Amino acid sequence: MSFNLLVSVSLGYVALLFMVAALADRRARRVGGGWLRSPLVYTLSLSVYCTAWTFYGAVGYAARSGLEFITIYLGPTLVFTGWWLLLRKLVRVGRTQRITSIADMISSRYGKSNRLGVLVTILAVVGTTPYIALQLQSVTLSFGVFAAPGAEFWDPADPASTGLWVAAGLAVFTILFGTRNLNSNERHHGVVMAIAVEAVVKLVALMAVGCFVVWGIADGPADILARIDNSALAGWQINPTRWAGLIFTSAAAILCLPRMFQVLVVENEDEAHLGVASWAFPLYLCMMSLFVVPIAVVGLEHLPEGANPDLFVLTLPLKENWNGLAMLAFLGGFSSATSMVIVAALALATMVSNHVVMPVYLNSRQGGATMAGDVRGVVLRARRFSIAAVLALGYLYYRFSGGSAALASIGLISFVGVSQVLPALLGGLFWRGGTRAGAAAGLVTGFVVWAYVLFLPSFGTDGPFSPTMLAEGPFGIHWLRPQALFGIDGMDPFVHAVFWSILLNTVAFCGVSIRTFPTPLERLQGAQVVNVFEHTLGARGWTRGSAEAEDLLMMAQRILGPSDAQALFQSEASTQGKLGYLPETTPEFLDRLERELAASVGAATAHAMVAQIAGSSTVGVEDLMRVADEAQQILEYSNRLEAQSKELERTARKLRDANQKLTELSIQKDAFLSQISHELRTPMTSVRAFSEILREGGLDESDQGRYAGIIHDEAIRLTRLLDDLLDLSVLENAQVSLSLGAARLGDLLDRAIAATGALTEVGPDDGLKVARDPGREQIELVTDADRLTQVFINLIGNAKKYCDAQEPELRIRARQRDGRAVIDFIDNGSGIPARSQDIIFEKFSRLSDQSAAGGAGLGLAICREIMLRLGGSIEYLPGQGGAAFRVTVPLAAGRSAAQAAQ
Amino acid sequence: MGKRVLLVEDEPNIIEAIRFILSRDGWVVDTHSDGSTAVDTVLSAVPDVLVLDVMLPGKSGFDILRELRGASATADLPILMLTAKGQGRDRELAERYGANRFMTKPFSNSEVLETVNALQAGVTDQA
């Protein structure tokens with residue numbers, strides 16, 4: 001078979017995956033998921049557990065060690081059939097705490113400690129790198145099987161080039177579909193869908209090869225059983241300690257592997273999916289392992305001595321000249337390798353960016369969380385860079401280790417490495433006594449032991465450990481021999497490593513946990529996690545009122561993006577019974593905000609950011625009482641009381657707001673009466689004075705003309721004031737009739753800007769710069785163009801009059817959303833103080849007492865009435881740096897406007 | 001010798017009208033438009049009569065009045081206050097702070113002239 005064909009088929013397959021991912025992403029954005037969120041897709045995505053090691057290596061494993069390969073499936077099967085005990089809790093905690101990765105899970109459980117996050121991240125990177133190397137190796141090997149000897153321009157068996165190409169391609173895929181949005185709790189539909197497709201491909205491929213072996217080469221199942229009986233495989237004995245060790249390790253791995261945590265917890269849509277996965281996933285594993293032994297046996301019989309059993313899945317069909325089948329098998333292996341690398345890179349990148357890059361970045365910035373500017377770009381860049389770095393590490397490991405070891409052994413080394421998280425994870429889920437220091441001690445101990453007895457020796461005699469060191473121990477210390485700790489000889493090296501690392505890890509975890517005292521936040525988090533099903537206590541880490549809502553909004557905008565952050569603040573404000581974007585900073589709200597942020601940047605970083613604004617969190621006696629189980633009954637009673645008092649509080653808050661508004665309005669009204677008197681009397685003074693002067697006569701011609709001109713101008717000023725008053729009164733009484741027509745937003749803005757340019761009331765030297773994006777203003781509206789333009793003129797005019805920046809600039813941003821056009825007017829001045837934001841739209845309100853602007857404080861009130869008639873709205877947008885107004889108008893004013901005008 | 005009046009007022013048209021009325025009668029009319037620096041201007045060259053508007057940019061006319069009455073050089077300076085607000089409260093405030101006369105806008109030209117001349121002549125009875 002032509003090697004070029006193989007390359008083009010692989011490329012075609014990759015293109016197909018890109019397309020699947022792109023389509024799924026688009027579908028999820030358009031219709032919000034649908035069947036993309038089915039339990040089937042979830043189960044298939046779990047098959048990322050079955051890597052190239054499973055696909056190729058299981059057969060090799062069977063050829064070398066008989067049925068032992070089955071242990072790798074037994075562990076996960078046990079975990080899944082017992083899902084009610086463990087997985088359900090893990091997923092529930094993951095969802096309630098908005099967990100982004102296994103590192104985030106550990107960090108969040110132990111009091112949102114970022115150091116623990118970093119520790120788990122390092123462990124995960126070190127444990128996963130060999131595994132990624134393994135995948136690259138398997139792809140390279142399988143390419144090598146097909147390679148025509150002496151290919152001209154590219155030797156596919158050359159690990160340097162093939163591995164590099166594969167790693168680069170995977171990096172591109174992961175970056176494209178894994179870093180679309182920041183919020184890790186928003187699922188990566190594209191990635192998950194591609195992985196589900198790959199899951200089907202690898203299952204079909206392996207089953208096809210299996211069927212071919214059973215019915216194509218042998219004469220059906222009976223013949224195969226006979227052949228198995230006759231083969232060397234039948235002679236292998238089960239080694240109980242190795243089996244126990246392997247089952248334990250694979251069960252631990254399915255919980256602790258970063259990629260498994262990603263698909264199992266982070267990408268989970270619905271807890272009920274676990275119920276389906278609990279039987280469907282073991283079934284999938286069962287089908288994957290069904291034909292392993294037949295393929296191994298037939299391969300040993302048919303292929304020459306010395307053929308690599310890891311590649312039987314490929315070499316068997318090739319030898320029989322079933323090239324199409326060989327191609328399918330190749331794609332199956334390719335799928336296994338790529339899906340693992342993609343998800344692993346994604347999971348590791350999330351950890352690295354959330355626990356390493358973001359904390360460093362935030363610390364390096366003066367001003368911290370409130371500083372203006374968008375950090376989403378930084379996080380996404382960090383994540384992309386991390387993906388590339390993780391793959392580069394995997395590639396380097398692959399080059400360094402020479403790709404010589406048998407596939408399965410690298411896989412096991414990785415498994416044991418990441419399993420070191422298990423004591424801290426299980427302890428965290430089920431034991432309230434586990435502390436931060438205990439978790440750290442356990443992790444470090446397990447990690448060091450694992451590295452010492454398994455990881456470093458795995459590099460072989462060329463690696464860091466010399467043969468003498470392995471045989472005699474470091475510096476001749478006999479009981480420290482890496483493969484016979486404490487002088488216990490004769491254990492299988494793998495079992496030896498599992499035993500000592502997990503044992504010492506657990507001992508350190510429990511011992512230090514018992515001897516240390518948890519901080520209040522650790523206690524709270526511990527109770528929340530351990531008792532996640534019993535009650536949902538609000539983790540009241542925050543005290544009321546110390547934070548300014550506007551500062552919080554500024555920070556949230558930087559991480560969640562302006563529209564999501566504004567929506568969050570608005571919804572919280574409305575549940576509190578307030579209008580606008582600035583809710584009261586209650587402890588509940590701070591908690592909710594922290595969780596939203598945690599979904600993007602991890603619990604520890606989110607906590608630190610909120611703490612920068614709200615002050616460090618304090619946990620009081622009251623909160624600790626809530627944690628104590630003994631107080632449960634009191635708690636329920638007090639919960640009910642609290643619900644009532646919350647209701648009262650909400651009502652009181654509304655009343656307080658209303659009262660404050662009334663008081664301010666009354667003051668405003670008095671002030672307005674003075675104001676309106678002043679506004680009317682001032683021009684009248686000039687009119688009267690100059691008309692008396694003119695009546696007396698005796699003036700020269702030019703003075704006479706000038707004085708008459710002054711009378712004329714002042715009369716016009718009076719008229720305009722009266723016009724405004726009448727306009728408002730008419731609008732308020734709904735007597736106005738709209739003249740609806742088609743208009744383009746951009747044109748209206750042009751008109752408004754031209755009109756304000758002519759109205760230079762402040763003087764010719766006010767150089768207000770207007771920044772626009774005409775491309776986005778091509779929005780067709782059916783509305784009353786004159787009225788809408790009047791609103792724009794008012795807003796631009798206000799910016800001109802009141803923007804106090806050195807170089808005043810007004811940004812106008814337009815976009816379309818939910819059948820409405822949303823236009824923001826944002827200037828770079830000092831903005832409007834929070835206490836005044838509520839009243840600027842009231843009639844006759846003017847913030848400064850001075851008549852500098854020459855208006856009577858009616859402009860915004862008129863704007864509000866107009867927008868109401870047009871079926872839209874105008875509101876103040878806090879937290880934008882300067883004064884900012886948002887105008888929302890329906891694309892077609894038709895019915896809604898008519899209704900509003902009724 | 002010139003009779004000197006200082007007019008503290010921010011509306012250019014009203015400044016022009018009062019300047020015309022008073023200068024026709026032989027007054028030297030100085031003007032000042034900024035409330036925040038008005039006290040310094042008065043103290044640097046105390047006029048014969050001061051005409052003071054209430055609503056000024058930077059500082060209210062009442063504050064200026066109070067500060068002037070507190071300074072020895074201007075404790076007895078004849079002061080006419082003008083206001084466009086025309087509320088009773090303003091008149092009370094003006095009297096409490098020690099304005100000699102108080103007029104609401106719009107005013108009659110001849111009345112302004114008479115009042116200023118009367119103030120200069122030392123007739124300080126309340127109108």
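The model is predicted: local features need pLDDT of at least 70, side-chain atom pairs count only at pLDDT 80 or more, and totals for chains, interfaces and linings use all residues. Residues are numbered from 1 along each chain as its sequence is written, chains are lettered from A and ligands numbered from 1 in the order in which they are written, and side-chain values use heavy atoms, with hydrogens and water left out.

**Stop 1: the interface**

Next, select Phe20(B), Met55(B) and Pro106(B), which supply 25% of the area that chain B buries against chain A, more than any other three residues.

Then display Glu696(A) and Arg24(B), whose side chains form a salt bridge (2.8 Å, N to O). A salt bridge here is a side-chain nitrogen of Lys or Arg within 4 Å of a carboxyl oxygen of Asp or Glu. The count between the two chains is 3 salt bridges.

Helices (H or I, at least four residues) and strands (E, at least two) are DSSP runs, numbered from the N terminus.

**Stop 2: a strand pair in chain B**

Select Arg4(B) and Asp30(B), which meet in a salt bridge (2.2 Å, N to O). Arg4(B) lies in strand β1 (residues 3-8) and Asp30(B) in strand β2 (residues 27-32) of chain B, so the pair ties together parts that are 26 residues apart in sequence.

**Stop 3: chain A**

Go to helix α29 (residues 632-696) of chain A, where Arg650(A) and Glu647(A) lie 3 residues apart, about one turn of the helix. Their side chains form a salt bridge (3.0 Å, N to O).

Now select Arg772(A) and Glu777(A), joined by a salt bridge (2.6 Å, N to O). Relative accessible area (1.4 Å probe, protein chains only) defines buried as under 20%, exposed as over 50%, and partly exposed as in between. Arg772(A) counts as partly exposed because its relative accessibility is 27%, whereas Glu777(A), at 1%, counts as buried.

Finish with Arg813(A), Arg815(A), Asp824(A) and Arg886(A), which are linked in a network of salt bridges.

Key
Buried area = accessible area lost by both parts, 1.4 Å probe.
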